[in-house]
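Please read the numbered points beside the sequence and the model.

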Amino acid sequence: MNSEPVVRELAEPHLRRLLSTAGLDVEYVRASGNTLYRKGANGEEIPVLDYAAGYGALIFGHNHPDIVARARELLDEQTPVLAQFSSHPYANRLAAELNRIIQRETGSDEPYYATFANSGAEGIEVALKHAELDRVMRLSKVFEEIEASARRVRETVRAGAATVPDTVWTRLGLPRPTAGQDVADLLIAEIARRNQLRRAKPPVFVALKAGFHGKLMGSVQLTHNESYRTPFAALGAQARFVPCDHPEALKEVLQEERGTLLEPAVQDGTVRLVERDHHTICAFLLEPIQGEGGIRPLSVEFAQEIKAFAEEADCPVVIDEIQSGLGRTGTFLGATRLGLRGDYYVFAKSLGGGIAKASVTLVREGRYRPEFELLHSSTFAKDSFSCHIALKVLDMLEADGGRGYRLAQERGAALAGMLHGIRTDFPDVVKEVRGHGLMLGFEFHDQSDAADDRLREAARSSLFGYVIAGHLLHAHNIRTFPTASAVHTLRFEPSVLLTDEEIDRLEHALRDVCALVRDQAGDRLVLVS
Ligand SMILES: Cc1ncc(COP(=O)(O)O)c(C=O)c1O
């Protein structure tokens, strides 16, 4: 008898058990376009329409033939995949192409320099590290200037060409020096002590409530979801979160993070203390549309408030385009809709064409630190395979005068129209439909007080969205998930290949789900438990 050996579950078994409670632990054996295939009981392939689409990483769907052909070509040509510390013309071409597209969309010709990594979170950490390096280097320059002023003042006072008035000692909280004390030394030492205290304050990153920027040690501290973030709070970067559309919260952060450095100067034979502004704010991070936070578009008005905040704090705006970029919202950048230009951009997900793992962090020339290139690297980053595949993805988006973007707009509008239609018919079940292009969210009303026991229980244990996902999969062969931090919102992020027939299938399935929720038919909705 040819029986398969039972393999103990060692690959995240807890997660697997959780998935199985909603019937989501199915194995997919093949993928093409917007379809994943799973094996049925008799070994037959069952097609599943995939609206989760690699968490928004498949702008051209699974295994697009042109991308696969390019990959085959690269392998057949024995392209050296890993040749670190050598010339990488393909990486340069990728950076140049990203620049060309961004310049077209933002209308600015200032170049951006590229740093390569392997995942979205890694790309964000590149941005955080670069911003901190820039902050520290700018601060060092300020300290050099202050120290040069201090030397000049010390010499002038020692030479008897300037005196230190009482107001200066009062400002420093020190008693007037007694005879025999070195006035210049006392003054300069106290200024240095105060400035060093200020300098030692840790940098602060500002991010938005409901934002998601990854789960590595630094990036998770900028991901608002408490359950991901707080267990590791002691390890990573310091962050402050502000709610969207609350400009007063921005003003509060500015006020609280603002401080001064003291610089001594001599004017008309008298020593004065000049206050120099010092912020601890290192960078502002945002997603043009919050993906894992429930597909929530940032408003144009608040984007302008953020721009003003960053100018005032003299910190870079880091635009996380990991999910919204690469054409998903109908333009290459999700931020184009906002009229907001980033000092940094981070791309990942669809950049890899569904078969490579790649991220790129771009930094505007005016803020770029070439020193960073010797401080940050990764074995797999900038490999030829992912750069060539990313170039192919950009080619495909740009082909025929930007057909990829037009498709995202047009297919997105058709999908959104259908979702809005359901919301109109089920306002008691569907709270809101949000998003742009092919980045859409469908939020259900909270069922925590539902009459039906199963629905109420699912909502109270934050599993409601997963139960709906299980139903869609088992009753309709449609795959999607709730967003990671807003579990009442289902995500719809298919590829630009989405057909009318695929939209119709989803409509049929969602209408079924909404009718079951309206009827409080938990027994028919909850298929697995
Ligand atoms: C906006 C955003 N930033 C960062 C990340 C993290 O990317 P990765 O999962 O590749 O680390 C994600 C992933 O979903 C994301 O949506």
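**Notes on the predicted model**

1. Glutamate 110 and arginine 364 form a salt bridge, their closest N and O atoms being 3.2 Å apart; a salt bridge here is a side-chain nitrogen of Lys or Arg within 4 Å of a carboxyl oxygen of Asp or Glu. Because glutamate 110 lies in the loop between helix H4 (89-106) and strand E4 (112-117) and arginine 364 in strand E14, the pair ties together parts that are 254 residues apart in sequence. Helices (H or I, at least four residues) and strands (E, at least two) are DSSP runs, numbered from the N terminus. Glutamate 110 is buried, with a relative accessible area of 18%, and arginine 364 is buried at 17%. Buried means under 20% relative accessible area, exposed over 50%, and partly exposed in between (1.4 Å probe, protein chains only).

2. Residues are numbered from 1 along each chain as its sequence is written, and side-chain values use heavy atoms, with hydrogens and water left out.

3. As to the overall make-up, the protein has 15 helices and 18 strands. Its C-alpha atoms fill a box of roughly 100 × 60 × 50 Å, taken along the principal axes. Of its 529 residues, 52% count as buried. Among contacts (heavy atoms within 4.5 Å) between residues at least 6 apart in sequence, 72% join residues at least 24 apart.

4. The protein exposes about 24200 Å², of which carbon and sulfur atoms supply 51%; accessible areas come from the Shrake-Rupley method with a 1.4 Å probe, and for residues only the protein chains shown count as cover. On the surface, Val81, Leu82 and Phe380 form a nonpolar patch with about 270 Å² of accessible area together. Patches are made of residues with over 30% relative accessible area and no salt bridge, like charges being joined within 9 Å and nonpolar side chains (Val, Leu, Ile, Met, Phe, Trp, Tyr) within 5 Å. Phenylalanine 380 belongs to the loop between strand E14 (359-364) and helix H11 (384-425).

5. How many salt bridges does the rule give? The count comes to 43. In one of them, the side chains of arginine 240 and glutamate 256 meet at 2.7 Å, N to O. This pair links distant parts of the chain, with arginine 240 in strand E6 (residues 238-242) and glutamate 256 in helix H9, 16 residues apart. Arginine 240 is partly exposed at 22% relative accessibility, and glutamate 256 is partly exposed at 46%.

6. Arginine 434 and glutamate 443 also meet in a salt bridge (2.7 Å, N to O), and both of these residues are buried. Elsewhere, salt bridges that share partners join Asp134, Arg138, Asp314, Arg367 and Arg369 into one network.

7. Arginine 38, in strand E2 (residues 35-39), deserves a separate look. Arginine 38 is buried yet has no salt bridge, and the nearest side chain of opposite charge, aspartate 25, is 8.3 Å away. Not counting residues up to four places away in sequence, arginine 38 touches several residues, including Glu27, Glu44, Glu45, Leu473 and His474.

8. Two backbone angles call for comment. Most residues other than glycine have a negative phi. Aspartate 314 has a phi near 50 degrees and lies in the loop between helix H10 (300-313) and strand E12 (317-320). Leucine 326 has a positive phi of about 60 degrees and is found in the loop between E12 and strand E13 (344-347). Aspartate 314 is partly exposed, with a relative accessible area of 40%, whereas leucine 326 is buried, at 1%.

9. Is histidine 488 buried or exposed? At 13% relative accessibility, histidine 488 counts as buried. Histidine 488 sits in the loop between strand E17 (478-479) and strand E18 (489-492). Its contacts, leaving aside neighbours within four places in sequence, include Phe442, Glu443, Ala459 and Phe464. The C-alpha atoms of histidine 488 and alanine 459, 29 residues apart along the chain, are separated by 8.2 Å.

How values were computed. This is a predicted model: local features need pLDDT of at least 70, side-chain atom pairs count only at pLDDT 80 or more; totals for chains, interfaces and linings use all residues. Lys and Arg count as positive and Asp and Glu as negative; His and the chain ends are not counted.
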